[in-house]
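Work through the following exercises with the sequence and the model side by side, and try each task before reading its solution.

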Amino acid sequence: MPTPLYQRWLPILFGLALLFPASELHAEKPQLTLAQVYEKGDALKGYWVSEKLDGVRAYWDGEHLISRQGHAFHPPTWFTRDFPEVPLDGELWMGRGTFSELSGVVRKLEPVDSEWRQVHYEIFDLPGSDRPFSERVARMRSLLKPSPSPYLVMIEQTPATTRAALMARLDEVVDEGGEGLMLHRGGALYEAGRSDDLLKVKRYQDAEATVVGYSPGQGKYEGMLGALVVERSDGRRFKLGSGFSDEQRADPPAIGATVTYKYYGLTSTGLPRFASFMRVRNEEPVGNGGRLCAAFCSTKSPHDAAR
């Protein structure tokens, strides 16, 4: 029996994806605190509220800006020249609704000054401190009043009050183009990993998965991407068929790229309900997804099936 077309293409797809270099690798991945999801009924007493920025996570080690995966960003030297020497945790940000543009700016190995002048490093924590978060908030305020750099900003932190006030704030932020809110427990020490000390508050749930295949488009999308086949960390696979612009369907994320998708709960089989593509989350060049898809999306295969 002839080898299916998709099996002949897969080694080539993975090989081509590896040809495009990532940014310089740092010594190791930074040990960052990660958020759980806020659930109705979670106590709010003692928490601080801030906007959840739709930016690129970055760790400042006193000398370099490092991505979540341990890759060094390459900003112009003037961008970080006046940053303090203490470790900082925050987001590179250009404003609401600008993630795609921001991602293109900060992932370049050769920075463009005019682009980076639109970027700010918005900090929300001090990873090197052994004090509880409420004290770290006070320390951040003292560090940045005034800020030593026009590109260094502290994300506003306010005490949480009631769920009604929290939901009203969420609606206001989302209606103005924001992504959501964050809750940080005031008594929490800075610790790596996920815990209820840090909670994200959104109208939907989101998660990340790895691109493992393409499903070809039909009708007006013939010859383009129909859906991404993605794999969760537990090995379950499913399709993301919505949320793409025409440009993204013509040049979709590469095999091996990490993407963020949103969903609304789980089905009876444990897969995300109404899952749709949001963005590529890699902080490194991914390159040539469209050309790989152009070859792969021409033929359906068993690899397309979610499992």
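The model is predicted, so local features need pLDDT of at least 70 and side-chain atom pairs count only at pLDDT 80 or more, while totals for chains, interfaces and linings use all residues. Residues are numbered from 1 along each chain as its sequence is written, and side-chain values use heavy atoms, with hydrogens and water left out.

**Exercise 1.** Determine in which sense strand E10 pairs with strand E1 and with strand E9.

*Solution.* Strands are DSSP runs of E with at least two residues, numbered from the N terminus, and two of them pair if DSSP finds at least two bridges between them. Strand E1 (residues 33–37) pairs with E10 (residues 193–201) in the parallel sense over 5 bridges, and valine 37 stands opposite lysine 200 in E10. Strand E9 (residues 180–185) runs antiparallel to E10 and is joined to it by 4 bridges; here histidine 184 has leucine 198 as its bridge partner.

**Exercise 2.** Decide whether aspartate 54 is buried or exposed, and find the side chain with which its own side chain makes a polar contact.

*Solution.* Aspartate 54 lies in the loop between strands E2 (47–52) and E3 (56–60). Its relative accessibility is 15%, and therefore it counts as buried (under 20% relative accessible area; exposed is over 50%, partly exposed in between, with a 1.4 Å probe and protein chains only). The side chain of aspartate 54 makes a polar contact with that of arginine 279 at 3.1 Å (a pair of N or O atoms within 3.5 Å, one able to donate a hydrogen and the other to accept it, where residues adjacent in sequence count only if both atoms are side-chain atoms).
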